[in-house]
Amino acid sequence: MHAFYRQILPTRLLISFLTSTLACGLSLQAEDKDRWPAFLGAGASEIPNDLPMQWSKTDGIVWKTPLVGHGQSSPVVWGDSVFVTTVEGKMKDECLTYCLDAKTGAVQWKASLANSAPVLNSVYVSRAATTPVVDADRLVCFFESGDCVAYSHRGDELWKRNLSRDYGPFQAEFGLAASPCQTADRVFILLEHDGPSRLVALDKATGETVWSADRASRISWSSPATFRIDGVDQVVVSSAGTVDGYAAADGKKLWTIEGVGGNTGVTPIDFGNGKFLIGASGGRQGENAAAAQKSNGLVQVTRSGNEWDAKIVWSNDKLSPSWASPIMHQGLAYWVNRVGVVTCLDATTGESLYSERLKQSCWATPVAVGNRIYFFGKDGTTSVIAAGRSFELLGEMEWLDPDQIPPESTKLGEETTEERQRGSAMFSGPTVYGVAVAGNRFVVRIGNQVYGIQ
């Protein structure tokens, strides 16, 4: 399996993160609440401190909503609405978008878009892996087929684009999975694959291309992020060998860091003042081990006049995340690897404070709030630790009940090689892909069901 299985960032007390998002033009006024508008919660409203501390298979799950199709994307939230995506059919024939009521889980509307580049529905190919973006006016969904569509909050189609026709065809054995990021008026989509690749900026109101920046062909599933650095809105891409910063206004490449590697699935995480975390994995067979050892750490971007400079301030050769991005909370950085080992570091100096193993590996990025951090295990065990410089396990909840999960609506295509047959069997169970926060409840997503936990 590959790095399109990863999601969701923390946000409580990440003041510098929210400040940079505000600077990019996303309106977060004092009266705004219950907003988790993009991958990793970028632009989220402040998370309340009364999120649940304990729940189980029989207590605390206030709703669960089955979905037609399967999706690996994370939920996004705006007000009382939760939005999720799936693909359905033997050839991923339909791209589906759901709007759920955040309080009850009831389906408010469902929209379907015909897949313009159908491929066999398989565990080895991304399935609605890209997380949408939402603002006050619209929801923008991008699917691995290249289909991009905008809906109103009521479900009316506002515009649609076929990016595969315009910039493809996409040559990607495992599919595309980079989630879009946004500013107030633009959505940025990273199209990276074995063929000609690019970063595209679309006008959110019309879907028209504002600019397009060519990128070298590469195999990667990492998502871009938008930061404000020294007064300039930038799109930062950490992907398969480089870390690059583009001007959000016109797509000009402002700076680049070369010589990194294994950075194919982790999104840059803002630390404020031109600093951000990057992450990289050695790979399942250790193929990127040497490069990844110097590719987990803190980047600093500075400007002198019209010239930009970017460098890695510190790195740690013991870190190796899998699908989950690192998080920043109260001046500390947390990484979690493929076997569930969480490592805490001083985010300013890179000093390692502890490494401890949790019960399960995490494909979802952890969520931090107040004095605690939630790690949503892949198989449905959530571990809660105390925020701080020493490890303290506050609790573990086994809450995902396989008997309460509906059967998949589409039978997957059979794999043709022994290796893929083994892999398909390994990942045949439910997987916790992503988490969002809606008021004082978690919204947790597996492939074909969404849970409200309060």
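Figure 1. Of the contacts in the protein between residues at least 6 apart in sequence, 57% join residues at least 24 apart. The model shown is predicted. Its secondary structure consists of four helices and 33 strands. Of the 454 residues, 63% count as buried.

**Figure 2. Overall dimensions of the protein.** Along the principal axes, the C-alpha atoms fill a box of roughly 55 × 55 × 50 Å. The radius of gyration is 20 Å, which agrees with the value near 22 Å that a compact globule of 454 residues would have.

**Figure 3. Surface and charged side chains.** The protein exposes about 16700 Å², and carbon and sulfur atoms supply 46% of this area. The side chains include 41 positive and 49 negative ones. The centres of these two sets lie 1 Å apart.

**Figure 4. The open sheet formed by β11, β12, β13 and β14.** Four strands are arranged in the order β11-β12-β13-β14, with antiparallel pairing. The edges of the sheet are β11 (181-182) and β14 (209-215), each of which pairs on one side only. Strand β13 (residues 197-203) runs antiparallel to β14 and is joined to it by six bridges. Within this part of the sheet, A201 stands opposite W211 in β14.

**Figure 5. The cis peptide bond between G168 and P169.** The bond from G168 to P169 is cis, and its omega angle is near 5 degrees. P169 belongs to the loop between helix α2 (163-167) and strand β11.

**Figure 6. D230 in the loop between β15 and β16.** The phi angle of D230 is near 50 degrees, a positive value in a residue other than glycine. D230 is situated in the loop that separates β15 (225-229) from β16 (232-239).

**Figure 7. Q330 in the loop between β23 and β24.** Q330 is a residue other than glycine with a positive phi, near 50 degrees. The loop that holds Q330 lies between β23 (327-329) and β24 (332-336). Because its relative accessibility is 45%, Q330 counts as partly exposed.

Note on methods
Residues are numbered from 1 along each chain as its sequence is written. This is a predicted model: local features need pLDDT of at least 70, side-chain atom pairs count only at pLDDT 80 or more; totals for chains, interfaces and linings use all residues. Side-chain values use heavy atoms; hydrogens and water are left out. Helices (H or I, at least four residues) and strands (E, at least two) are DSSP runs, numbered from the N terminus. The radius of gyration is taken over C-alpha atoms; the globule rule is 2.2 Å times the number of residues to the power 0.38. Buried means under 20% relative accessible area, exposed over 50%, partly exposed in between (1.4 Å probe, protein chains only). Contact means heavy atoms within 4.5 Å. Accessible areas come from the Shrake-Rupley method with a 1.4 Å probe; for residues, only the protein chains shown count as cover. Lys and Arg count as positive and Asp and Glu as negative; His and the chain ends are not counted. The place of a charge is taken as NZ of Lys, CZ of Arg, CG of Asp or CD of Glu. Two strands pair if DSSP finds at least two bridges between them.
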